[in-house]
Every structure is written in structure tokens, then in C-alpha cells.
Amino acid sequence: MTDSGRHDPARHASSPETSAPIISVSVGNTRARIGLHRGSELVESSVHPSVDAAGLAAAAVALAEQAEGEDNPLVVMSSVHRGAAEAIERALDGEGLVVQRFGRDLVIPIRHTLDEDGAKTVGQDRLLCAIGAFAMSRQACVVVDLGTAMTVDFVDGEGVFHGGAIAPGLGMMLRSLHEQTDALPLIEYKLPGPDDHFGKNTADAMRLGVTGMVCGAVRWLAERYALHYEAYPRIIATGGDIGVLEPDGLVESFVPDLQLHGIRRACELLVEHDRDEDE
């Protein structure tokens with residue numbers, strides 16, 4: 001811990017080599033993303049169900065074949081779903097790919113102000129999205145990740161992660177309305193149209209309601225963070241359901257592969273930290 005009371009990232013002995021191509025994998029509760037990085041550029045990415053270990057392994061093999069000058073590029077994985085990650089790692093290992101995982105092989109190099117419990121339980125996705133968002137913006141930012149759950153986090157102008165809020169995602173809210181009532185149906189989400197000011201039937205009323213919950217939560221939390229920071233931060237959004245936020249006009253940047261960018265930048269920071277230690 002530094003004199004400022006902020007927690008510093010630890011060093012890991014085997015930081016990944018970032019001069020060679022890297023395949024990044026982020027495993028969420030529902031979806032997983034995989035991408036190929038050459039230097040700081042994400043040259044290709046794709047999305048798969050998190051339970052589709054075979055599909056992800058096949059995608060990794062295809063990306064490895066594109067990695068110029070590297071027969072067996074390193075795979076760096078983050079996960080918030082242990083079972084899915086283990087299945088994916090077994091499938092990757094079966095293809096001869098070497099995997100390093102955050103939380104086991106690598107630490108996530110970000111300073112934070114979380115309390116002891118928060119530091120132990122914070123999701124890898126939140127920290128890596130924060131690293132990716134700050135690397136892109138180089139200023140204070142609110143990081144919205146709208147997936148199975150919604151997180152709205154704050155990173156200050158020095159790249160320090162301060163935590164944030166966790167709420168149900170769109171699908172979770174709709175399932176809850178169905179499961180916790182007798183009459184409300186189980187429906188799929190679709191974005192209300194610009195003229196859909198009122199829900200004229202039950203399904204549309206439910207969709208309008210959860211849309212308002214998400215957009216209202218992001219706006220309220222961003223204003224709360226800005227009040228504390230005494231400046232309005234940039235808002236960056238990621239996740240499979242970020243389309244719900246586009247009509248609102250509040251979000252400045254939509255980055256579907258934000259966590260993959262965060263994985264790549266985290267690897268770079270680990271190498272830089274090791275280099276500084278050696279000097």
C-alpha cells in the first residue's frame with residue numbers, strides 16, 4: 001500500500017512477452033470473447049457462448065494460424081465463470097496452446113481503493129475493463145459493462161480503480177419479472193422505438209421498464225461519481241447489451257472488445273513493471 005492509501009499491483013514472476021502475438025480470451029457468465037493482438041492492435045475478434053469450449057478452441061487455432069512468425073502464441077485468459085474457463089482451458093490445451101490465466105498465473109496490474117473484502121472478490125472483468133478504458137481515454141472515466149449483470153465503475157484521472165455499482169442486466173431483470181410474478185410473461189428484450197413513449201401492452205411495458213432502469217441507473221451513477229470527483233468523467237460502455245444505451249446519448253464511446261483491450265494492456269503493464277524492477 002502506498003502513502004496515499006491506494007493498493008499497488010503485485011509483480012508476477014512470469015509476465016507474458018508482449019512483443020509476440022497474443023490471443024486474449026475473456027470468459028463471461030453468458031458470452032466469451034476471443035481476439036488476436038499484434039503489438040497494441042486487436043486485429044480480429046469473435047464472440048461465442050461461454051459453454052462452447054470446442055468453438056472457442058477452434059477460434060483460437062484459427063487465430064494462431066494468423067500469428068505471423070509465432071507457431072504457438074500465448075493465450076491469456078480472464079474469467080468470471082470458473083467452470084466455463086476450466087473447460088475452455090482443457091480444450092485449448094488439447095490443441096497444444098499455452099494458457100496463462102489472471103488470478104492464477106498473472107495478477108491484474110491496477111491500483112485501487114477497494115477495502116479488503118472488495119480486493120478479494122472484485123471480478124476480473126471489472127478490473128480489466130477499467131484498464132482498457134483508461135488506456136483508451138487517458139482520463140477519468142465511468143466504465144459501463146452491460147452483460148448478464150450490469151456494472152458501472154469509476155476510474156480516476158491517474159488510472160486508479162475506485163469500484164462502483166453492480167445491478168441486474170436486461171435479461172436478468174426480465175426473467176425476474178416473470179419468475180417473481182404470476183402473470184408477467186417470459187419475453188426477449190428488444191429496444192423500444194423512438195416513438196414508443198408508453199408500453200401499450202404488457203411485453204412492451206416490461207421492455208420499456210427495464211430500458212428505463214438501465215439508462216436511469218447509468219445516468220444517476222455517472223452523476224454521483226462526477227459529483228464526488230468534481231469533474232464529469234468520460235463514459236465508456238461495453239458488453240453484449242450496450243445497444244440499449246446508444247439512443248440515450250450519454251455514452252461517449254462504445255467498445256465491444258474493451259476487456260480484450262484490457263487484457264493486452266495488462267500484459268504490457270506487467271512487462272513494464274518487471275523491467276522497472278530489473279533496472
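The axes themselves are lines fitted to C-alpha atoms, for helices over the stretch in contact, and the angles run from 0 to 180 degrees between N-to-C directions. The model described here is predicted, so local features need pLDDT of at least 70 and side-chain atom pairs count only at pLDDT 80 or more, while totals for chains, interfaces and linings use all residues. Residues are numbered from 1 along each chain as its sequence is written, and side-chain values use heavy atoms, with hydrogens and water left out.

The protein's secondary structure comprises seven helices and 10 strands; helices (H or I, at least four residues) and strands (E, at least two) are DSSP runs, numbered from the N terminus. Of its 279 residues, 47% count as buried, where buried means under 20% relative accessible area, exposed over 50%, and partly exposed in between (1.4 Å probe, protein chains only). The protein exposes about 13800 Å², 48% of it supplied by carbon and sulfur atoms. These areas come from the Shrake-Rupley method with a 1.4 Å probe, and for residues only the protein chains shown count as cover. With contact taken as heavy atoms within 4.5 Å, residues 24 or more positions apart account for 59% of the contacts with a separation of 6 or more.

Two packed helices are described by the angle between their axes and the distance between the axes. Helix α1 (residues 53-66) packs against helix α2 (residues 82-94) at an angle of about 45°, with the axes 8 Å apart; α1 and α2 are therefore oblique to each other. The crossing of α1 over α2 is right-handed, a term used when the near helix is turned clockwise from the far one by less than a right angle (left-handed if anticlockwise). On the α1 side, Ala53, Leu56, Ala57 and Ala60 meet Ala87, Ile88, Ala91 and Leu92 of α2. This contact divides into eight nonpolar, no polar and no charged residues, with Ala, Val, Leu, Ile, Met, Phe, Trp, Tyr, Cys and Pro counted as nonpolar, Asp, Glu, Lys and Arg as charged, and the others, Gly among them, as polar.

Leu170, Met173, Leu174 and Leu177 in α5 meet Met206, Val210, Thr211, Met213 and Val214 in α6. By class, this contact has eight nonpolar, one polar and no charged residues.

Val152, in strand β7 (residues 149-155), is buried, with a relative accessible area of 1%. Beyond neighbours within four places in sequence, its contacts include Val142, Gly164, Val218 and Tyr225. Val152 and Ala237 are 85 residues apart in sequence, with their C-alpha atoms 9.0 Å apart in space. Ser137 belongs to helix α4 (residues 124-137) and counts as buried at 12% relative accessibility. Leaving out residues up to four places away, Ser137 touches Arg234 and Ile236.

Most residues other than glycine have a negative phi. Arg138, in the loop between α4 and β6 (141-146), has a positive phi near 55°. Glu230, in the loop between α6 and β9 (234-238), has a positive phi of about 65° and is exposed, with a relative accessible area of 73%.

Key: Angles under 35 degrees count as roughly parallel, over 145 as roughly antiparallel, 65 to 115 as roughly perpendicular and the rest as oblique.
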